[in-house]
Each structure stands twice: as C-alpha cells, then as structure tokens.
Amino acid sequence: MEDLEKQLICPICLELFTKPVVILPCQHNLCRKCANDFFQSSNPYLSTRTASSGGRFRCPSCRHEVVLDRHGVYGLQRNLLVENIIDMFKQQSSSSTPAPERKEETPMCDVHEDEKINIFCVTHGVPTCSMCKVFGAHKDCEVAPISSIYHTKRTELSDGITMMVGNNDRMQGIISNLEEACRAIEENGRRQKTLVCENFDRLYTILEGKKRDMSQRLTAEQEEKVNYIRNLGKEYGDHLEESCKIVEMGIQTLEEPEMAVFLQSIKPLLKKIAEVSSMAHLNKVEVGYEKMDHYTVDFKKEGKALHCIDFIQEDDNENEEGGNAGAEVRDGPPAVSDAICPAIECPAEQLLAQSN
C-alpha cells in the first residue's frame, strides 16, 4: 500500500491527488487545481489570463512542453483510472483497522461441523476438511495443502489484476485518442467548409442554392462521424468502468486474510476477469475515418455547367488530371483543391490496432 500511495502523489502539492485529476500528453498526472496554479506561475506576464485561455507550460516531472487550447487546463483529459484508484485506496485505508477481528473466523466443514477446513480437493477444486478426505465424499480424490493452493491462486489473481490494470491504461489512451479524433473531424470539417464557402462567394447569385446544399451534406457527414466516434468512446468508457469495478473487487479479495474464504470466492472472480479482459466485441475506427478532405471542389467549368456543380469524386479527379496534363490554365476563380491544407491526422486507429 505504501508503494501505491507513492504513485498517487501529485508532484506539485506533494499530497494525494485531488480530483479532478488531469493527464498530460506526456502521460504524467496532476491535480487540475495544481496544474492551473502551476500554469499561472509559469506565465506571470499573463496575469489577466483566466484558467479557460490557451497557453503553454512544461510538465514538472519530465519538462515536456504542454500546449493548451482555448479551454486552458480545463481542456486537458481527466484520468478516470487514477481517480478510481484513489477512491479504492482511500476505502482500503479506512477499512484496514477493523480487519484483524476476522482472523479468528475459520470456516468449518458443512458435513463435519466440528472440523475446520484445512485441505484443498484438487479433483473437485474446493476446500474441505481432513475428515472428508478420510471418510467422506473426497476420500478417493487428490488433495493438497490449502496453503500451497492459496499461494498459487493468489498469484494467479495478482497476475490477472496486473493484466487488467495494463488493459485499463491502454483503454484510457484509446479514449483520449477517440476524443482527439472527434476534434480532428470537427477541425477538418470546418476547414473544408471554409474553403468551399470562399470559392462560392466568388460566384454569382445562382450558386447560393448549391452552396447551401453542399454545406449541409458536408455537415451531415461530419456530424455522423462525430456521433459515431463519441458513441464508440462511450462504449470504451463503459467497458473501462466495468473493468475498474472488477479491479476493485480483486483488490478487496487480495486483502482477505483467511485462505479458505479467499479460495471460496476466487473462482467466479477469475472468470469475470477473463470475460472483461477481452475487447474483441468493441468496434474499431477505420484508417483515415477522421479525414474530411474528400469534400473538395474545383471551379474550372464554364458558367452553364455551374448548375450541375458537385463535390469532386476521386475517379473524376484522377481522369481529369491525366487528360489535362498539357492543357493551359484558364482564367477564372482558383480551384479549392489548390489551396487545401493537409488534413489533421489522428493516431486513434493505430492505438486500437495495438490493443488487439
């Protein structure tokens, strides 16, 4: 518990993390209040700047530069995993005092009421007493000392919890990247809409109807993608919450001092860990899903063709580039594709692939 407490100390206030806890891009954690105070002290010349404004500061642990958006420290991702671990640590600390009273409670055999459970039936996988082995239902079964089975199962549970904590860390990174994917889609959508509108503004009134229609189509796909990513993030969040509950149950079971009681409850717990550890049922983000640059326009056609204007299709664009390789540049408004900036890339699909 002392080693765990050291990992939950804020490097700024040197106290146990105070919720909400924020995670920096370098994966170090800070109390949000401490992060805000540290940011303000790192930028004294911005004394009038509020906590919701952008800026930058260096991580107090590794000196990695952290760039804040217009939301300031309130735009940093909360680390729900650390917050849950803090709650569990406080619960374990508060309940550690009355625990010695349970040391005297030794389970008794259901068949031989005066006999304590002191051996483990390997054949049936249950703890039992010596009388059951000599005269009872387990006389033909293979048995082992309860202490050796206890240490084996305890090690198995500890390994399972370690695996779950690692999966939770990866899932936290996936959720962060999914949120980044949402922001990337919104930013790419805004950029493309701006470029489309700038070109439409150079045309005559006849294009206003088309501009409205094409902007709505782009917005519809943007909202569809954002909603999909958000729903996917909620799925991972629900899975993470369930996983944290299992971890909490595992930690509580590890604190059980009585070996027989521990072995009675270990089997269903290990089964739950195996079920929750699988992420195969969760959907994945396709490569390039956040991109919106397929909504590109090119105003090179004559005035009479403007009534049929639409977004450029990839096949049409490739054919046109091949056919007009030696053609002269015609006068007229520049094509939007000539001014497009590279779309913002998001590594969400890479992290999802690694989690499998």
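1. The lining of the largest pocket divides by class into 17 nonpolar, 13 polar and 11 charged residues. Here Ala, Val, Leu, Ile, Met, Phe, Trp, Tyr, Cys and Pro count as nonpolar, Asp, Glu, Lys and Arg as charged, and the others, Gly among them, as polar. A pocket is an open set of points on a 1 Å grid over the protein atoms alone, where a 1.4 Å probe fits, with protein on both sides within 12 Å along at least five of seven lines; lining residues have an atom within 4 Å of a point.

2. On the basis of these notes: this is a predicted model, in which local features need pLDDT of at least 70 and side-chain atom pairs count only at pLDDT 80 or more, while totals for chains, interfaces and linings use all residues. Residues are numbered from 1 along each chain as its sequence is written, and side-chain values use heavy atoms, with hydrogens and water left out.

3. The largest pocket holds about 1300 Å³ of space, a volume being the space filled by probe spheres set on the grid points, which are joined across faces, edges and corners. Its lining counts 41 residues, and I23, L24, P25, Q77 and S176 lie nearest the centre. Two or more lining residues come from each of α1 (2–7), β4, α3 (80–94) and α5 (146–200). The largest share is that of α5, with 13 residues.

4. The protein chain has 9 helices and 8 strands. Helices (H or I, at least four residues) and strands (E, at least two) are DSSP runs, numbered from the N terminus. Of the 356 residues, 38% are buried, meaning under 20% relative accessible area with a 1.4 Å probe and protein chains only. The chain exposes about 21100 Å², and carbon and sulfur atoms supply 50% of that area; the method is Shrake-Rupley with a 1.4 Å probe.

5. Among contacts (heavy atoms within 4.5 Å) between residues at least 6 apart in sequence, 65% join residues at least 24 apart.

6. An open sheet of 3 strands runs in the order β2-β1-β5, with antiparallel pairing. Its edge strands, β2 and β5 (77–78), each pair on one side only. Two strands pair if DSSP finds at least two bridges between them; antiparallel β1 and β2 are joined by 3. Within this pair, V22 has L30 of β2 as its bridge partner.

7. Strands β3 and β4 are also antiparallel, with 4 bridges, and G55 stands opposite L68 in β4. Their hairpin has 6 residues between the strands, and R63 there takes a positive phi near 70°.

8. Which residues of helix α2 (residues 32–42) are buried? They are C34, A35, N36 and F39. Their cover includes β1 (21–23), β2 (29–31), β3 (55–58) and β4 (65–68).

9. L263 belongs to helix α7 (residues 259–277). This residue counts as buried because its relative accessibility is 7%. Beyond its neighbours within four places in sequence, L263 contacts F120, I146, I149, Y150 and K153. L263 and K153 are 110 residues apart in sequence, yet their C-alpha atoms are 7.5 Å apart in space.

10. T253 lies in helix α6 (residues 208–254). Is T253 buried or exposed? It counts as buried, because its relative accessibility is 13%.

Terms used: Buried means under 20% relative accessible area, exposed over 50%, partly exposed in between (1.4 Å probe, protein chains only).
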